[in-house]
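Please keep the sequence and the structure in view while reading.

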Amino acid sequence: MCRSLIGLILVFGLTDAAVNEFVTCDFDLGSEVEPRLPVECRNLDEPTRAALLQEAESFKVFNEKLTEYESSQGLDTEEVLYKDWEFRAELYGNAELNLCQNTTEILVEYLDCLVEKRAQMVLEIEEKIANGS
């Protein structure tokens with residue numbers, strides 16, 4: 001499940017593709033999975049590949065920080081990990097990730113926007129942790 005959360009988003013084509021036609025590439029899972037990736041994930045230029053890897057890393061950092069916050073609440077059980085759905089909704093609402101898709105159709109710009117938004121979300125989580133909320 002964790003591996004699926006760290007997936008990368010890629011659109012059909014290369015850097016000037018429309019960002020609303022998604023294919024998932026999991027470059028962050030290692031080179032051994034690359035031969036099994038969709039054809040759209042192969043033969044990418046280095047700037048696109050680097051942007052995809054950066055986006056995957058930003059999601060990993062965000063997910064780890066969110067998990068850290070939720071675990072700190074002490075509400076996990078043996079059967080269920082606690083998820084603060086109210087805070088998640090607030091976090092995503094404040095970040096307005098949809099603006100990334102609405103402002104560009106260039107893949108690298110879209111990914112850069114996601115990275116920036118996720119960095120803001122991490123700061124918001126860190127603030128919540130620091131305030132003991």
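**The nonpolar core and its surroundings**

The largest nonpolar core has 24 residues, and within it F27, F62, L66, L91, L111 and I125 touch the most other members. Helices α2, α3 (85-95) and α5 (107-130) are the elements that give two or more residues to this core, and α5 supplies the largest share, with eight residues. The model is a predicted one, so the values below, like those above, are computed from predicted coordinates.

**Overall layout**

- The protein holds five helices and two strands, and, read from the N terminus, its elements follow the order α-β-β-α-α-α-α.
- Of the 133 residues in the protein, 37% are buried.
- When contacts between residues at least 6 apart in sequence are considered, 58% of them join residues at least 24 apart.

**Helix α2 and the residue that follows**

- Just after α2, G74 adopts a positive phi of about 70°.

**Core members in detail**

- I125, one of the core residues that touch the most other members, is in contact with F62, K65, L66, Y69, F87 and L91 when residues up to four places away in sequence are not counted.
- L111, another of those core residues, is found in helix α5 and has a relative accessible area of 1%, which means that L111 is buried, since the cut-off for buried is under 20%.
- L111 and L52 are 59 residues apart in sequence, yet their C-alpha atoms are 6.9 Å apart in space.

**Aromatic rings**

- The model contains three aromatic pairs, one of them formed by F59 and F62, whose rings are tilted, with 6.1 Å from centre to centre and 55° between the planes.
- F59 and F62 both belong to helix α2, where they lie three residues apart, or about one turn of the helix.
- An α-helix has 3.6 residues a turn, so residues three or four places apart point the same way.
- The charged end of R88 sits over the ring of W85, at 5.1 Å from the ring centre.

**Salt bridges**

- Side chains of opposite charge can pair when their charged atoms come close.
- The structure has four salt bridges, among them one between K65 and E68, in which the closest N and O atoms are 3.3 Å apart.
- Because K65 and E68 are three residues apart in helix α2, about one helical turn separates them.
- K65 has a relative accessibility of 18% and therefore counts as buried, the cut-off being under 20%, whereas E68, with a relative accessible area of 40%, is partly exposed.
- K65 also meets E126 in a salt bridge, with 3.7 Å from N to O, and this pair links distant parts of the chain, as E126 is in helix α5 and K65 is in helix α2, 61 residues apart.
- E126 has a relative accessibility of 34% and so counts as partly exposed.
- Taken together, K65, E68 and E126 are linked in a network of salt bridges.
- E70 and R88 form a salt bridge through their side chains, with 2.7 Å from N to O, and this pair, too, links distant parts of the chain, with E70 in helix α2 and R88 in helix α3, 18 residues apart.
- Both E70 and R88 are buried, and R88 is also the residue whose charged end sits over the ring of W85.

Notes: Residues are numbered from 1 along each chain as its sequence is written. This is a predicted model: local features need pLDDT of at least 70, side-chain atom pairs count only at pLDDT 80 or more; totals for chains, interfaces and linings use all residues. Side-chain values use heavy atoms; hydrogens and water are left out. Helices (H or I, at least four residues) and strands (E, at least two) are DSSP runs, numbered from the N terminus. A nonpolar core is a set of buried Ala, Val, Leu, Ile, Met, Phe, Trp, Tyr and Cys residues joined through side-chain atoms within 4.5 Å. Buried means under 20% relative accessible area, exposed over 50%, partly exposed in between (1.4 Å probe, protein chains only). Contact means heavy atoms within 4.5 Å. Rings of Phe, Tyr and Trp (its six-membered ring) pair if their centres lie within 6.5 Å; planes under 30 degrees apart count as stacked, over 60 as edge-to-face and the rest as tilted. A charge sits over a ring if NZ of Lys or CZ of Arg is within 6 Å of the ring centre and within 35 degrees of the ring normal.
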